[in-house]
Amino acid sequence: QEQLVESGGGLVQAGGSLRLSCVASGGAFSISAMSWFRQAPGKEREFVAEIDSSGSTSYYEDSVKGRFTISRDNAKNAVYLQMSSLKPEDTAVYYCAMRRFIGGQYGYWGQGTQVTVSS
């Protein structure tokens, strides 16, 4: 059974930066693809970024390309989302998620961390 715990959210001004972290426990982290999603008030949860198990391949939603960077440290069972040039429309609860491989079903989700970007 995997557990995912996010941290690093907060309040930041537009143009600022934040780094989100997600730490996994349970043993499957290093062999799993990891993703970040977000859900803004009144909207559906949307994909933000994903990284494969080795960290060699990553994907991004178009609106965050060039501003967000996903990375991982398998020795620490952690995945990160470095967010820069933040915009008010990036305000959302951010979730990390784990799946065995890119294209598979997500098996585990974190509880979320709130990111609020003020204008």
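## The disulfide and its surroundings

Both Cys22 and Cys96 are buried, and in this predicted model the two residues form a disulfide in which the sulfur atoms lie 2.0 Å apart. Cys22 belongs to strand β3 (residues 18-25) and Cys96 to strand β9 (residues 92-99), so the bond ties together parts of the chain that are 74 residues apart in sequence. The torsion about the S-S bond of Cys22 and Cys96 is about 55°, and the disulfide is therefore right-handed. A search of the whole structure finds one disulfide.

Strand β3 also holds Ser21, which is buried, with a relative accessible area of 15%. When neighbours within four places in sequence are left aside, the residues in contact with Ser21 are Val5, Glu6, Ser7, Trp36, Val79 and Tyr80.

## Aromatic pairs around Phe37

The count of aromatic pairs in the model comes to four. One of them joins Phe37 and Phe47 in an edge-to-face arrangement, with 5.8 Å from centre to centre and 80° between the planes. Phe37 lies in strand β4 (residues 33-39) and Phe47 in strand β5 (residues 46-51), so this pair ties together parts that are 10 residues apart in sequence. The two partners fall into separate accessibility classes: Phe37 counts as buried, at 11% relative accessibility, whereas Phe47 counts as partly exposed, at 25%.

Phe37 also forms an edge-to-face pair with Tyr106, for which the centre-to-centre distance is 5.1 Å and the angle between the planes is 85°. This pair links distant parts of the chain, since Phe37 is in strand β4 and Tyr106 is in strand β10 (residues 106-109), 69 residues apart. Tyr106 is partly exposed, with a relative accessible area of 22%. Ring pairs link Phe37, Phe47, Tyr106 and Trp109 into a cluster.

## A charge over two rings

Trp109, a member of that cluster, also takes part in an arrangement with Arg45, whose charged end sits over the Trp109 ring at 4.7 Å from its centre. The charged end of Arg45 likewise sits over the ring of Tyr95, where the distance to the ring centre is 3.9 Å.

Across the whole structure, a search finds five salt bridges. Arg38, which is buried with a relative accessible area of 5%, forms a salt bridge with Glu46, and the closest N and O atoms of this pair are 2.6 Å apart. Glu46 counts as partly exposed, at 32% relative accessibility.

The side chain of Arg38 also meets that of Asp90 in a salt bridge, with an N to O distance of 2.9 Å. Here the pair links distant parts of the chain, with Arg38 in strand β4 and Asp90 in the loop between β8 (78-83) and β9, 52 residues apart. Both Arg38 and Asp90 are buried. Salt bridges link Arg38, Glu46, Arg67 and Asp90 in a network.

## The Glu50 and Arg99 pair

A further salt bridge is formed by Glu50 and Arg99, whose closest N and O atoms are 2.7 Å apart. This pair, too, links distant parts of the chain, with Glu50 in strand β5 and Arg99 in strand β9, 49 residues apart. Glu50 is buried, with a relative accessible area of 3%, and Arg99 is buried as well, with a relative accessible area of 12%.

Technical notes:
Residues are numbered from 1 along each chain as its sequence is written. This is a predicted model: local features need pLDDT of at least 70, side-chain atom pairs count only at pLDDT 80 or more; totals for chains, interfaces and linings use all residues. Side-chain values use heavy atoms; hydrogens and water are left out. A disulfide is a pair of cysteine sulfur atoms within 2.5 Å. Helices (H or I, at least four residues) and strands (E, at least two) are DSSP runs, numbered from the N terminus. Buried means under 20% relative accessible area, exposed over 50%, partly exposed in between (1.4 Å probe, protein chains only). Contact means heavy atoms within 4.5 Å. Rings of Phe, Tyr and Trp (its six-membered ring) pair if their centres lie within 6.5 Å; planes under 30 degrees apart count as stacked, over 60 as edge-to-face and the rest as tilted. A charge sits over a ring if NZ of Lys or CZ of Arg is within 6 Å of the ring centre and within 35 degrees of the ring normal. A salt bridge is a side-chain nitrogen of Lys or Arg within 4 Å of a carboxyl oxygen of Asp or Glu.
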